[in-house]
Amino acid sequence: SWDTVLARPYFRVRFARALALAELGMHHAAVPELEELLSLNPGDNQGVRYVLLSNYLRLKQYDKAKHLLQSSDEPSAIWRYTQALMAFLEPKDEAIAQRAVLRAFYQNAYVPGYLTGQLRTPKRLPEYWELGHTDEAMVYAGIYGTFWHETPGAMDWFESWLHKITGGTTPFFGYPNLWVRQNVFRIAHNYLFGKPLTQRDRKLI
């Protein structure tokens, strides 16, 4: 495991090999490498799970992607927004899909701005990011945005439901103003924790 210091060069080399395979478009070859790395180091100090998830999506191995996402309840944009995408791909259970979108937006309200193109995703993505911040949103859109756009109907569904949350305020994706953020966070919080919605909130959604 990663706890064995002498083993770390081995993990780094294996990960570099998997990244190279994925970069060359050899996703079928990259996936077993990544899966084995994750099994050898479940703590995943290297972030293998993020690369594995993107390769599952590229290969449309959605069952494996769902299983990986269900392995933890990680509060990151990568996890929450991809869970929302998986919910969209399920046989349409609107309640589950809506909850997934709320959880995602509650975690990082900046991602929609980059997914929709209202904010420009830089060519060079940040090397480090902080949960809930714009740098995390850039990374998600830069790496995973293509899967949203390549899934028929996903972006239209995503945008229309977010517009419901915000009462149709536009533009709200790029620079969510305080009123919008307060409404979204309040409704999301109440929904997630089972609190009854006010009459005003019901009109918004």
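Q: Which residue just after H3 takes a positive phi?

A: Lys-60 does, with a phi of about 60°. Please keep in mind that this is a predicted model.

Q: And H3 itself, is the helix mostly covered or mostly exposed?

A: Helix H3, residues 48-58, is mostly covered, with 10 of its 11 residues buried. Among the buried ones are Arg-49, Tyr-50, Ser-54 and Asn-55.

Q: What do the buried residues of H3 pack against?

A: They pack against five helices: H1 (8-23), H2 (27-40), H4 (62-70), H5 (77-89) and H8 (134-150).

Q: Moving to pockets, how much space lies in the largest one?

A: The largest pocket holds about 640 Å³. Its lining comprises 23 residues, and those nearest the centre are Leu-19, Tyr-50, Val-51, Ser-54 and Ile-143.

Q: Which elements give two or more residues to that lining?

A: H1, H3 and H8 do. H8 gives the most, with 6 residues.

Q: How does the lining of the largest pocket divide by class?

A: There are 13 nonpolar, 7 polar and 3 charged residues.

Q: What about the second largest pocket, what is its volume?

A: Its volume is about 380 Å³. Of the 14 residues lining this pocket, Gln-70, Gln-83, Met-86, Ala-87 and Ile-96 are the closest to its centre. H4, H5 and helix H6 (94-107) each give two or more residues to the lining.

Technical notes:
Residues numbered from 1 in each chain as written. Predicted model: local features only at pLDDT ≥ 70, side-chain atom pairs only at ≥ 80, totals over all residues. Heavy atoms only, no water. Buried < 20%, exposed > 50% of the residue type's maximum accessible area, 1.4 Å probe, protein only. Helix = DSSP H or I, 4+ residues; strand = E, 2+ residues; numbered from the N terminus. Contact = heavy atoms within 4.5 Å. 1 Å grid on protein atoms, 1.4 Å probe; cavity = no way out; pocket = protein on both sides within 12 Å on 5 of 7 lines; lining within 4 Å. Points joined across faces, edges and corners; volume = space filled by probe spheres on them. Nonpolar A, V, L, I, M, F, W, Y, C, P; charged D, E, K, R; others polar.
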